[in-house]
Amino acid sequence: MAEKVLMKGNEAIAEAAIVAGCRHYFGYPITPQTELTEYMSKRMPQINGVFLQAESEVAAINMVYGAAGAGARVMTSSSSPGISLKMEGISYIAGAELPCVIVNIVRSGPGLGGIQPAQSDYFQATKGGGHGDYRNIVLAPNSVQEMVDMTILAFDLADKYRNPVMLLGDGALGQMMEPVAFNVSEAKPVVKPWAATGLRGRTTPNIINSLHLQPEKLEQHNIHLQNKYAQVSANEVRYEELYTEDAELVLVAYGITSRIARSAMEKARNEGLKVGMLRPITLWPFPAEPLAVAAKKATAFLTLELSAGQMIEDVRLAVNGAKPVYFYGRTGGMIPSPKAVYEQIVNIFNGKEGR
């Protein structure tokens, strides 16, 4: 067993990226993820890596584009308003089929909002966010250890599918400290024959581009991308199920909210209420099929989010009207207590709809 160390979530992501072979980081400080950028500023020079605090988020994501095009394992990070500024570049990166990792430690909005945790970037992360028909693979950890494990996984998935991967955390996970272990071997170099690294014996250079001026060629490129996304959907769905075999009510929650939901679920089961939970780990691709299966047994679902209700749309699509889907959410950086969630559970069992 690897030795466990106590680390803050933001710093654990940064060290995990280094373990995964990331040697290029471009970013810009914004609360509540600035510790990640600060950590990289210290560690990258120690390992002969490249750290650059760009002049803006727009500049940072375009530096990521360049490094990824040259075949580097590269990462950027930000929080909600900063990710919004990166969206055009993310669309370019997806269109050019470049692997990279993007970390969003979500804060409350809209606008500048506040620096407290939220999950109100779900639409932005899972539905594209930028322009065009593209998808990010989106991973949602619920602990500092999962932040480590999923950062490493994110780099592997990015290279496997030549696609941006987003790690979607929140201010609570980014700031909390928990013991973590780095149970991985040294990252192996990934061969990238498509990268723009000079001729290297070829007669024609590799060209990295997302521009296709001929409609026929652009359509073929889009068809290729959609086929790739279908492959991701078939192979990379990840989720956790608890007590869904006998559950009458299934809680659906991700990230920090899933930990609160689990505490409420355990209290409810101790009181004799048949409650289970399905936690999406990949927000895209979304675990729609497991929810559809759960809908054959359960009588209702309760979606829990730190938002006004975003993931609930995917839950309703998955359940497809077979059973009622209730919602309980907090906004503005407010986090519900396990007691408040338990009360929502009791209300549903007593025939009162969750708000």
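Which residue just after α9 takes a positive phi? Just after α9, the residue with a positive phi, of about 90°, is G272. The structure is a predicted model, in which local features need pLDDT of at least 70 and side-chain atom pairs count only at pLDDT 80 or more, while totals for chains, interfaces and linings use all residues. Residues are numbered from 1 along each chain as its sequence is written, and side-chain values use heavy atoms, with hydrogens and water left out.

Helices (H or I, at least four residues) and strands (E, at least two) are DSSP runs numbered from the N terminus. Helix α9 covers residues 255–270, and its end C-alpha atoms are 24 Å apart, which agrees with the 22 Å that its 16 residues should span at 1.5 Å a residue. The expected span of a helix is 1.5 Å times one less than its number of residues. Several residues of α9 are buried, among them G255, I256, T257, S258 and I260; A261, A264, M265 and A268 of α9 are buried too. Buried means under 20% relative accessible area, exposed over 50%, and partly exposed in between, with a 1.4 Å probe and protein chains only.

A253 lies in the loop between β10 and α9. Its relative accessibility is 0%, so A253 counts as buried. Apart from neighbours within four places in sequence, A253 is in contact (heavy atoms within 4.5 Å) with S258, A261, L278, R279, P280, L304 and M311. The C-alpha atoms of A253 and I312 are 9.5 Å apart in space, and the two residues are 59 residues apart in sequence.

Helix α6 (residues 144–161) consists of 18 residues and reaches 25 Å from its first C-alpha to its last, close to the expected 26 Å. Of these 18 residues, 13 are buried, so α6 is largely enclosed by the rest of the structure. R162 follows α6 and has a positive phi, near 50°.

Two helix pairs are described next. The axes of helix α3 (residues 57–69) and helix α4 (residues 80–95) come within 8 Å and cross at roughly 25°. Axes are lines fitted to C-alpha atoms, for helices over the stretch in contact, and angles run from 0 to 180 degrees between N-to-C directions. The two helices α3 and α4 are therefore roughly parallel to each other; angles under 35 degrees count as roughly parallel, over 145 as roughly antiparallel, 65 to 115 as roughly perpendicular and the rest as oblique. The crossing of α3 past α4 is right-handed, where right-handed means that the near helix is turned clockwise from the far one by less than a right angle, and left-handed anticlockwise. On the α3 side the contact involves E57, V58, A60, I61, V64 and Y65, and on the α4 side G82, L85, K86, G89, I90, Y92 and I93. These contact residues comprise 9 nonpolar, 2 polar and 2 charged. Ala, Val, Leu, Ile, Met, Phe, Trp, Tyr, Cys and Pro count as nonpolar, Asp, Glu, Lys and Arg as charged, and the others, Gly among them, as polar.

The axes of helix α1 (residues 9–19) and α2 also come within 8 Å, crossing at roughly 40°. This makes α1 oblique to α2. The crossing of α1 and α2 is right-handed. Its contact is made by N10, E11, I13, A14, E15, A17 and I18 of α1 together with E35, L36, Y39, M40 and R43 of α2. Here the residues divide into 7 nonpolar, 1 polar and 4 charged.

Within α4 lies S80, which is buried, with a relative accessible area of 8%. Not counting residues up to four places away in sequence, S80 touches N104, I105, V106, R107, D121 and Q124. S80 and D121 are 41 residues apart along the chain, and their C-alpha atoms are separated by 6.9 Å.

Some backbone features occur in loops. T31 and P32 are joined by a cis peptide bond with omega about 10°, and P32 is in the loop between β2 (24–27) and α2 (34–46). Another cis peptide bond, with omega about 0°, joins G109 and P110; P110 is placed in the loop between β5 (100–106) and α5 (122–126). Y243, although not a glycine, has a positive phi of about 60°. Y243 lies in the loop between β9 (239–242) and β10 (249–252) and counts as partly exposed at 42% relative accessibility. N320, likewise a residue other than glycine, has a positive phi near 60°. The loop between α11 (311–319) and β14 (325–329) holds N320, which is exposed, with a relative accessible area of 65%.
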